[in-house]
Amino acid sequence: MKTSIPGYFLVATLAGLASWAAFRAGKGHGAAAAMFAAKPSAETKASQRTARERTDPGEAGVSEIHRFMGRNLEDATTEELLEAWEFIRSFSKDQVQEGLKITGSEWDGANPNLLALMLYTRWAELDPAAAVKSAAGLPPGAMQTFGGAALWIWVKSDPEAAYLWCKKNGDFALKCNHNSMIVAMLATEPAASALEKARLLDREVLQMTARHFAMETGADEDQRARFMAEAAKLPDDLGKEALFQMARAWSFADPEAALSSMDSIFKGEEEQKRVREALVGEWAKRDPQQALAWLGSNPPANLVDQQAFIWKRWVTEMPDPANLWLTQQGNAPALAETIVRQIQSRRLKQTLGIGGRAARRETEALRHTYRVWAEARPGQAAEWLKNAGPEVALTLTSSEP
């Protein structure tokens, strides 16, 4: 079986790097110290000790890298990749350096240097700080790939040291997604303790952590209640965003229940209106007919605008059911008018940039809805068309796509 897993996630999987240790509560001097006071677990220490004590393949063994270099590891089987990794994971630091002299430290996404990636991964098992600092000096592609793999291991084995180094090397940390690694560790804890620790770090970590738990808790009633209590402790803008993400996750599981509960989650009519529109819009991407039916049963003040917004997307993807739905609406003329104005305005501004079949369907939809409008209110439609300009008139009256 061939593997198609790209980049350092492949080696991370082989090396067992995905199981980052969770932070535990602790005390220390300052926010970062408190955050990272938990030491590596006994399991982590045992794993690191085993990595250091593996049987040395001998100096001659390093030359075996030439044998692996003769293979196309990007298209290798899992067994072939494991064979290469099992060989490299027994290297000492000196052997890693010798191996990198053979493989080089270049990274080309079209022809990835997976052996070098394994060597950096092994180096990070032995000395993560040195491996990360070495990768930080490489060109961008290699830096992100090798550095990312090494940083994952450093974050797992000594999160405080990795954090402090990354604070001084912000560009590297950003490109290698250091904050995402911290969030992945925090995600193994209950939301309350994870958010409390995230507050000790920076705003982005707090935002990402809140977003993670919002999406995780959205579909469960008890978890939603607990998360809402935690979201209330966040800065106002982050709290609103977290509640929105929670409502969004809930709407994926049960859109009608989520939409009917906005008043109990959000304060203020404007905020409730904004969230409802966003959730209905996302629901419409999955099931436009059901979303439109819900709008019809729960009509907002701008019902026609929302219907038109949903319909003009639907008609480019499924014109037959969309057009049938339009003809069945009691307010079809007003809806058609709004759709014509919205589509034509957007087409003239060229903000969507769709092409091909979707563009042709949109043009057909524009003509169809104009005919519906013109048949119901000919004078109004004709007056609009006259003032809309010659290009619009040509689009609506031409039989060409």
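How many helices and how many strands are there in the chain? The chain has 27 helices and zero strands. This is a predicted model. Of its 401 residues, 46% count as buried. Now take the contacts with a separation of 6 or more: residues 24 or more positions apart account for 63% of them.

## Two packed helices

Two packed helices are described by the angle between their axes and the distance between the axes. Helix 10 covers residues 140-157, and helix 13 covers residues 178-186. They pack at an angle of about 35 degrees. Their axes are 10 Å apart. The crossing of helix 10 and helix 13 is right-handed.

Which residues make the contact? Helix 10 supplies G148, L151, W152 and V155. Helix 13 supplies H178, M181 and M185. Five of the contact residues are nonpolar, two are polar, and none is charged.

## Around these helices

Look next at the loop between helix 9 (128-136) and helix 10, where G137 is found. Is G137 buried or exposed? G137 is exposed, because its relative accessible area is 65%, and the cut-off for exposed is over 50%. G137 and F172 are 35 residues apart in sequence. In space, the two are 9.6 Å apart, C-alpha to C-alpha.

Another loop runs between helix 12 (170-175) and helix 13, and N177 lies there. Most residues other than glycine have a negative phi. N177 is not a glycine, yet it has a positive phi of about 60 degrees. N177 is partly exposed, with a relative accessible area of 39%.

## Two cysteines

A disulfide is a covalent bond between the sulfur atoms of two cysteines. How many disulfides does the count come to? The count comes to zero. C166 is in no disulfide, and its nearest cysteine sulfur is that of C176, 7.9 Å away. C176 is in no disulfide either, with the sulfur of C166 as its nearest cysteine sulfur. C166 is buried, with a relative accessible area of 3%. C176 is buried too, at 1%.

The table gives their residues and their spans from end to end.

| Helix | Residues | Number of residues | Span between end C-alpha atoms | Expected span |
|---|---|---|---|---|
| Helix 20 | 269-286 | 18 residues | 26 Å | 26 Å |

For helix 20, the span is close to the expected one.

Which residues of helix 15 are buried? They are V205, L206, M208, T209, A210, F213, A214 and T217. These buried residues pack against helix 13, helix 14 (191-199), helix 16 (221-231) and helix 17 (236-253). An α-helix has 3.6 residues a turn, so residues three or four places apart point the same way.

Helix 20 has its own buried set: E271, Q272, V275, L279, V280, G281, E282, W283 and A284. What covers them includes helix 17, helix 18 (255-260), helix 19 (262-265), helix 21 (288-297) and helix 22.

Start with G281, which is found in helix 20. G281 is buried because its relative accessible area is 18%, and buried means under 20%. G281 and Q306 are 25 residues apart in sequence. Their C-alpha atoms are 8.3 Å apart in space.

Move to D263, which lies in helix 19. Which residues does D263 contact, leaving aside its neighbours within four places in sequence? They are Q272 and R276. D263 and K273 are 10 residues apart in sequence and 9.5 Å apart in space, C-alpha to C-alpha.

Finish with Q307, whose place is in helix 22 (residues 303-317). Is Q307 buried or exposed? Q307 counts as buried, at 3% relative accessibility. Not counting residues up to four places away in sequence, Q307 touches L292, L295, W325, N331 and L335.

Technical notes
Residues are numbered from 1 along each chain as its sequence is written. This is a predicted model: local features need pLDDT of at least 70, side-chain atom pairs count only at pLDDT 80 or more; totals for chains, interfaces and linings use all residues. Side-chain values use heavy atoms; hydrogens and water are left out. Axes are lines fitted to C-alpha atoms, for helices over the stretch in contact, and angles run from 0 to 180 degrees between N-to-C directions. Helices (H or I, at least four residues) and strands (E, at least two) are DSSP runs, numbered from the N terminus. A crossing is left-handed if the near helix is turned anticlockwise from the far one by less than a right angle, and right-handed if clockwise. Contact means heavy atoms within 4.5 Å. Ala, Val, Leu, Ile, Met, Phe, Trp, Tyr, Cys and Pro count as nonpolar, Asp, Glu, Lys and Arg as charged, and the others, Gly among them, as polar. A disulfide is a pair of cysteine sulfur atoms within 2.5 Å. Buried means under 20% relative accessible area, exposed over 50%, partly exposed in between (1.4 Å probe, protein chains only). The expected span of a helix is 1.5 Å times one less than its number of residues.
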